[in-house]
Amino acid sequence: MLWSPQTITDWLLTNAASAKNLDDLTQQLGAQLAQADAPVWRLRFAMRTLHPLLAAVGTTWENDTGPKPVVESTHGLETRGGYAGSPMTAVSQSRKPFRQNLSTLSPDHHEVLHELRAQGGSDYYALPILFGDRVAAVMTLTTRHEGGFTNTDLVGFDAIAAQLAPFIEVLRLTTLSSAVSAAYLGKHTAQRVLSGEITRGHVDTIDAAILISDLRGWTQLNAERDPEQAVAVANSFFEVMDAAVTSESGEILKFMGDAVLAIFPATAGQQDAVARSLRAAQSANAHQSDALRFGIGVNVGEVLYGNVGSEKRLDFTVMGPAVNLAARIESLCAQTDCPILMSHAAANLVSRTRQVGSFSLKGLPAKETVFAPGPLVE
């Protein structure tokens with residue numbers, strides 16, 4: 001039965017712009033191909049990303065099972081068997097379509113093709129989604145029809161790919177902006193920036209618990225080890241802190257050389273924010289070792305949260321006396337041999353603490369009494 005690519009391209013012009021992401025577009029397009037009686041059993045898109053953790057994202061629709069889990073591939077993808085030498089690689093590098101009759105495979109053909117054949121596939125077609133001078137994505141289509149695709153089918157798929165290009169590019173750029181913003185600003189702060197809070201001086205006053213942590217012996221570490229080893233230690237520290245903070249719905253706003261600044265917004269009250277910050281601190285503290293030593297300071301209070309900077313260079317951060325006090329308290333960890341210290345304000349919201357002492361802190365007119373947490377009750 002003949003199908004009309006025009007039906008699909010008309011649908012793209014009126015509906016594709018509403019797709020939330022690549023997977024959403026994949027599922028909608030797959031459903032449209034099925035409705036148009038196109039001989040497609042499996043539709044897949046793969047798109048490279050600019051992300052510190054992910055190299056590519058892949059989305060799949062199958063006519064008999066519907067959506068498949070989104071596949072996120074980490075860096076080093078090019079060396080893995082599933083990608084190296086695959087049709088995806090050939091299309092990305094040549095910028096030309098690739099077709100393979102799955103009934104005539106030899107042992108030398110890529111494992112991906114053999115897997116599709118084992119699932120009943122009879123023909124495979126991969127083509128680049130070209131936008132300007134780049135391959136924005138690769139689209140692959142597989143059929144189970146006896147005899148495979150016809151030349152008319154391929155011409156129709158080419159027309160659909162050409163129509164898809166600007167929509168894929170928009171989704172690629174949206175993914176890029178979200179990924180980069182989240183990687184450098186943190187998930188929640190990135191959402192605020194992408195929603196338009198980008199004007200210098202756009203600052204809110206919020207209640208939050210503030211956690212500041214500093215890696216111990218950083219100067220000595222850099223003197224005794226080569227740069228690669230020192231950076232590896234710093235990254236281990238940052239990974240520990242990130243896992244601990246995010247597990248308690250906090251957010252790291254800054255990696256400051258060998259230190260971390262994180263906040264726990266008091267959306268459910270200061271007591272809840274402090275409890276979350278201390279659970280995060282104790283979770284991170286469990287990873288202390290001779291090779292990885294750090295201190296953690298916790299405070300709670302009002303902070304200024306938003307954009308500051310020059311006319312051309314902005315920073316989304318928190319400022320205020322509560323942040324400064326958290327930093328001063330953290331600096332006492334080495335002096336007191338306590339890995340976690342908190343302010344009097346934070347300690348008042350915790351059931352189990354012990355007083356460590358009163359100290360004169362830079363910039364403060366009176367001594368500050370600091371506390372160490374006791375075991376936290378779940």
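Q: Why does Asp272 count as partly exposed?

A: In this predicted model, Asp272 counts as partly exposed because its relative accessibility is 29%, and the partly exposed class lies between under 20% for buried and over 50% for exposed. Arg276, by contrast, has 9% relative accessibility and therefore counts as buried.

Q: What do the side chains of Arg276 and Asp272 form where they meet?

A: Side chains of opposite charge can pair when their charged atoms come close. Here the side chains of Arg276 and Asp272 meet in a salt bridge, with 3.0 Å from N to O, and because the two residues are four residues apart in helix H9 (residues 270-285), they are separated by about one helical turn.

Q: How many salt bridges does the structure hold, and which parts of the chain does the pair of Glu62 and Arg42 link?

A: The structure holds nine salt bridges, including one between the side chains of Glu62 and Arg42 at 3.3 Å, N to O. That pair links distant parts of the chain, since Glu62 belongs to strand E2 (residues 54-62) and Arg42 to strand E1 (residues 42-48), 20 residues apart. Glu62 and Arg42 are both buried.

Q: Where do Glu169 and Arg172 lie, and are they buried or exposed?

A: Both residues lie in helix H5 (residues 151-185), three residues apart, or about one turn of the helix, and both Glu169 and Arg172 are buried. Their salt bridge has its closest N and O atoms 3.0 Å apart.

Q: Which residues make the nonpolar surface patch?

A: Val203, Leu304 and Met319 make this patch of about 210 Å². Met319 lies in strand E12 (residues 314-319) and, at 36% relative accessibility, counts as partly exposed.

Definitions and conventions
Residues numbered from 1 in each chain as written. Predicted model: local features only at pLDDT ≥ 70, side-chain atom pairs only at ≥ 80, totals over all residues. Heavy atoms only, no water. Patch = residues over 30% accessible without salt bridge, like charges linked within 9 Å, V, L, I, M, F, W, Y side chains within 5 Å. Areas by Shrake-Rupley, 256 points an atom, 1.4 Å probe, with all protein chains shown as cover. Salt bridge = Lys/Arg side-chain N within 4 Å of Asp/Glu carboxyl O. Buried < 20%, exposed > 50% of the residue type's maximum accessible area, 1.4 Å probe, protein only.
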